[in-house]
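Please read this report with the structure open beside it. It treats a few local sites in turn.

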Amino acid sequence: MGSWLSKQLEPSSAHLVYVVLSLFLICYAFFSDFIRNRLHLSEPPLALLVGIIFGPMALNVLDPESWFWQDRATQEAARVVVCLQVFSVGLELPKAYFSRHWRSVGMFLVPVMTFSWLITAAFVYAVLRTEWPTALIISACLAPTDPVLAAAVLQESRFSTRVPKRIKHVLSAESGCNDGTSFPFLYAGLLMYQGLSTGTVIKEWFLETILWQCSLGLLVGLVIGHFANRALRIAERRDWIDPASFLVFYILLALLACGIGSSLGLDDFLVAFGAGTGFAWDGWFAMKTKAAHLPNILDLLLNSSMFVYFGAIIPWTDFLPREITPLITPGKLIGLLILILLFRRIPIVVLLKPLIPDIRTYREALFCGHFGPMGIGALFLAIESRARLETGESIPLPRPPKHHPNTAAIETIWPVVCFIVLGSTFVHGCSVAAISLGGHYMRDKGERAPLLAAEEEGLDGMVHEGGGGESEPSVSEDEDVS
C-alpha cells in the first residue's frame, strides 16, 4: 500500500510552490480586513516571513536554486512587478496631479533623494570599508522609495484614512517617480567605478543616462499613455471593447510600456510611470474602474508573491564574513540598517519642510521622512549594477563570476542591499501597527477607542481640516477628450 501510494504522489518543487503560495494568499484573504484594520499589518512583511519559513534556511519547501532560477529571472521578475506598481501609482493619482504639486514632488526627487544617496554612501563607506564608488552604487540602490512597500502602507485601510490625502498623494507620487530617477545616481557610481576621467564621466552620464534613458524614457511613456487613453475612449464609446477587456487593458498597457522601455534601453520604470500618468491624466479611467479595486488585486497576487520569493532567496550565508568580503558581519549590517533608517531621509525632510508646500507641520515631515521604504526596486537596481560590473551590459550572468576584476564590488552589493531591504520590509511594514498602538496608549483612558488601536480620528500633529486634498478636481462621467 505504501509503495503504491508513493508512486501516486508527485510533490515536485513547482507543485509545492502552488500549494504554499495559494494557501498563504487564501489565508490572508480570509482575514485580510482583520489583519489590515485590526492588527495594522500589510502583506509584504507577512509574505516575506512565509518565504523565509518555507525557504532553504528553514523548511526548505521553496528552493529557487533548484528551479534553476538565476539572476536574470530575479531581475525580470522584479522589473515586471515594479513597472506594474509605478504604472498603478500614475493611474491612482488625482487628475492632473503634477501640474499642481510639482514643487513638492520635485523637492523629494532632487534634494531629498540626493541627500539620501550621499548620506547612505557615507554610512556604507564608513561601516563596511568599501571603495567610495562601490558605496555610491549601493546607496543608489537604496535611495528610492519602493512603490510596492509604499502602496502596501498607503492603500485604503483604517490607518490610511487617518492620514491627510495630500500626504498620501505626495508619498505615492514620489514612490512612483524615484525608482526611475535613481538611474542617474546608479550610473554615476558605475561610471566612477570604471576610473574614467571626470570629463568622460560627465559626458556619458549626461548623454546616456539623463537624456536617453530618463528624459526620453519619460517622454515615450507619456506619449504611450496619452494615445492609449484616446484609443480606449474611442473603443469604449463605440462599444468595441467588452468590460473584461476594459479592466485588463491597464495591465496590458503597463507591460507594453515595460517592454518598450527595456527594448529601447530606456529607463523602463520612468516609461511605465510616464505611461500610467499620461494614461490617467484626466482621471477618466480611474473613475471608470474605481469599483474594480485593480491595484489591490495586483498587490495581493504579484507583490505578495514577489516578497515570498525574496524571502526564499535571501543570501543568509553572505551576511557572514567571507574571504572576498571579510568586513561584512551581522553586527555591522545591523548597525548600517539602523543608521540608514534614522538618517537617510528624516533629517533632510524635516529640514526642507518649509520648502515643501504639501507638508504643513513638522509631525507630517517626520512621517514623510520615515515612510521611505526600500524593497523590490532596490533588488532590481542591485542586479542591474552587478550586471554592469560583470559584463558592461544590463543582462547579468547566471551567477556572479568567481574570478573577475570587480569581484569585491559584485560580491558586496547583493548581500548589503538584501539585508537592508529585509530590515526595511519588517520595520516599515510594522510601522503602522507601532504608530497606531503608540497613539492609542498616549491618549487618556477616557479618549481611547473601545478596541485596541482602533482610533479613527486623524493622526495628531497633522493638518486635516482643509488639508485632505480638497483642491483635487473631480471628473464627470460625461467628460471627454476633444
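## A buried glutamate

Glutamate 174 has a relative accessibility of 1%, under the 20% limit, so this residue counts as buried. The model is a predicted one. Glutamate 174 sits in helix α9.

What does glutamate 174 touch, leaving aside residues up to four places away in sequence? Its contacts are Phe108, Leu109, Thr145 and Arg345. With threonine 145 there is also a polar contact, side chain to side chain, at 3.3 Å.

## Helix α9 against helix α13

Two packed helices are described by the angle between their axes and the distance between the axes. Helix α9 spans residues 165-181, and helix α13 spans residues 268-279. Their axes come within 7 Å and cross at roughly 145°. The crossing of α9 past α13 is left-handed.

Which residues meet here, from α9 and from α13? On the α9 side they are Ala173, Gly176, Cys177, Asp179, Gly180 and Thr181. On the α13 side they are Phe269, Leu270 and Phe273. By class, the contact has five nonpolar, three polar and one charged residues.

## Aromatic pairs

A pair of aromatic rings is described by the distance of the centres and the angle of the planes. The model has 19 aromatic pairs. One of them joins phenylalanine 87 and tyrosine 250, with ring centres 5.7 Å apart. Their planes stand at 25°, under the 30 degrees limit, so this pair is stacked. Phenylalanine 87 belongs to helix α5 (residues 71-92) and tyrosine 250 to helix α12 (residues 243-263), so the pair ties together parts 163 residues apart in sequence. Phenylalanine 87 and tyrosine 250 are both buried.

Phenylalanine 269 and phenylalanine 380 form another pair, with ring centres 4.9 Å apart. Is this pair stacked or tilted? The planes stand at 55°, so the pair is tilted. Phenylalanine 269 is in helix α13 and phenylalanine 380 in helix α19 (residues 376-391). The two are 111 residues apart, and the pair links distant parts of the chain. Phenylalanine 269 is buried at a relative accessible area of 0%. Phenylalanine 380 is buried too, at 1%.

One aromatic cluster is formed by Phe87, Phe246, Phe249, Tyr250, Phe279, Trp284 and Phe285. The stacked rings of phenylalanine 87 and tyrosine 250 are among its members.

## Arginine 79

Arginine 79 lies in helix α5. Is arginine 79 buried or exposed? Its relative accessible area is 10%, under the 20% limit, so arginine 79 is buried.

Not counting residues up to four places away in sequence, arginine 79 touches Cys258, Ser262, Asp268, Phe269 and Phe380. The tilted pair, phenylalanine 269 and phenylalanine 380, is thus among these contacts. The side chain of arginine 79 also makes a polar contact of 3.3 Å with the side chain of serine 262. Leucine 298 is 219 residues from arginine 79 in sequence and 15 Å away in space, C-alpha to C-alpha.

## Positive phi in two loops

Most residues other than glycine have a negative phi. Asparagine 60 has a positive value, near 60°. Asparagine 60 is in the loop between α4 (43-54) and α5. Its relative accessible area is 44%, so asparagine 60 is partly exposed.

Aspartate 239 also has a positive phi, near 60°. Where is aspartate 239 placed? Aspartate 239 is in the loop between α11 (198-237) and α12. Its relative accessibility is 67%, over the 50% limit, so aspartate 239 counts as exposed.

Conventions:
Residues numbered from 1 in each chain as written. Predicted model: local features only at pLDDT ≥ 70, side-chain atom pairs only at ≥ 80, totals over all residues. Heavy atoms only, no water. Axes fitted to C-alpha atoms, helices over the stretch in contact; angles between N-to-C directions. Helix = DSSP H or I, 4+ residues; strand = E, 2+ residues; numbered from the N terminus. Left-handed = near helix turned anticlockwise from the far one by under 90°. Contact = heavy atoms within 4.5 Å. Nonpolar A, V, L, I, M, F, W, Y, C, P; charged D, E, K, R; others polar. Buried < 20%, exposed > 50% of the residue type's maximum accessible area, 1.4 Å probe, protein only. Polar contact = N/O pair within 3.5 Å; in protein donor to acceptor, adjacent residues only side chain to side chain. Phe/Tyr/Trp six-rings, centres within 6.5 Å; stacked < 30°, edge-to-face > 60°.
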